[in-house]
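Visitor: I would like to learn how to read pockets and cavities in a protein model. Can you take me through this one?

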Amino acid sequence: MAKIITVTSGKGGVGKTTTTAAIGAALARTGDKVVVVDFDVGLRNLDLIMGAERRVVYDFVNVIQGDARLPQALIKDKRLDSLFLLPASQTRDKDALTEEGVDRVIGMLSQHFDWVICDSPAGIERGATLAMRHAEIAIVVTNPEVSSVRDSDRIVGILDAKTLKAERGETVDKRLLLTRYDHVRAARGDMLKTEDVLEILSLPLLGIIPESNDVLKASNMGVPVSIHDPNSVPARAYQDAALRLKGENIAMELPRQRGLFSKLLRRAA
């Protein structure tokens, strides 16, 4: 059975979709079978990041409504044989996602993949709560800004109240992924430092992704950043985060510009 991950945040534009693609590709590189699922009905950006926008014929909503079988909607990645995408609909609204339909599709995916990674819309509306519903692990993505961190704290509350695990009296394994981090600006006080974010959210740190043009470049080319240039700083940061999800003890480091790493963080991932 698959491990089910939800990539979520309270604020838009923090890098959820980029993270979903990058973590999914990094896990697939280890040989695991991975599917990334786009819950952002009406917008549908995950297929763009994956470079699969012209290959979408059927989507998540088609499968839920019985217009297509799941294998017809799944898109195999062009670069990694063990990575698949289930795209969202661009022509429906979020009400097209039903609790029963999501339960059925996630159940089917869980039988055939090692990892099911759900790319959640921002906020706490229906698409987001359905994306969180089956989460065993939640990656809470946040930027080092007060508004982003505050909204992420709200998401932690939702994860503790509105998931299947919460209904059973259990707790979702929540991990913090800090994105668009710039150590120079943090040192100047222009953004929150890592320790400030950790103190506010009190979540285990999964990884720190630096502010980098490599991320934008990879997204514009339709390639997950973790495989676009595997030696780039953000790619290595995402790869380490994926290995931590697999239980490996990877030292946490603070990524610096120009590809250098320094200042080991003592906090356990």
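This is a predicted model: local features need pLDDT of at least 70, side-chain atom pairs count only at pLDDT 80 or more; totals for chains, interfaces and linings use all residues.

Guide: Residues are numbered from 1 along each chain as its sequence is written, and side-chain values use heavy atoms, with hydrogens and water left out.

Visitor: What does the protein chain average in pLDDT?

Guide: pLDDT is the predictor's confidence in each residue, from 0 to 100. The protein chain averages 90, and 94% of the residues score at least 70.

Visitor: Which element has the lowest mean pLDDT, and which the highest?

Guide: Elements are DSSP runs, numbered from the N terminus: helices (H or I, at least four residues) and strands (E, at least two). Strand E10 (residues 261–264) has the lowest mean, 41. Strand E4 (residues 83–86) has the highest, 98. Over residues 257–269 the pLDDT is below 50. Beyond near neighbours in sequence, that stretch still has 30 contacts in the model, a contact being heavy atoms within 4.5 Å.

Visitor: How is empty space found?

Guide: Rolling a probe the size of a water molecule over the atoms shows where empty space is left. Here a 1 Å grid over the protein atoms alone is used: a cavity is a set of points where a 1.4 Å probe fits but cannot get out, and a pocket is an open set with protein on both sides within 12 Å along at least five of seven lines. Lining residues have an atom within 4 Å of a point. Grid points are joined across faces, edges and corners, and a volume is the space filled by probe spheres set on the points.

Visitor: What is the volume of the largest pocket, and which residues lie nearest its centre?

Guide: Its volume is about 330 Å³. Of its 16 lining residues, Gly15, Thr18, Arg180, Val215 and Leu216 lie nearest the centre. Helix H11 gives the largest share, 4 residues. By class, the lining has 6 nonpolar, 8 polar and 2 charged residues. Ala, Val, Leu, Ile, Met, Phe, Trp, Tyr, Cys and Pro count as nonpolar, Asp, Glu, Lys and Arg as charged, and the others, Gly among them, as polar.

Visitor: Is Val215 buried or exposed?

Guide: Buried means under 20% relative accessible area, exposed over 50%, and partly exposed in between (1.4 Å probe, protein chains only). Val215 has 18%, so it is buried. Val215 lies in H11 (residues 213–220). Leaving out residues up to four places away in sequence, Val215 touches Thr18, Val225 and Pro234.

Visitor: What is the volume of the second largest pocket?

Guide: About 220 Å³. Of its 14 lining residues, Gly13, Lys16, Thr17, Thr18 and Asn45 are closest to the centre. H1 gives the most, with 3 residues.

Visitor: Which side chain joins that of Thr17 in a polar contact?

Guide: A polar contact is a pair of N or O atoms within 3.5 Å; within protein, one must be able to donate a hydrogen and the other to accept it, and residues adjacent in sequence count only if both atoms are side-chain atoms. Thr17, in helix H1 (residues 16–29), pairs with Asp119 at 2.8 Å.

Visitor: How many cavities of 30 Å³ or more are there?

Guide: The count is 2. E4 gives the most to its lining, 3 residues. That lining divides into 6 nonpolar, no polar and 5 charged residues.
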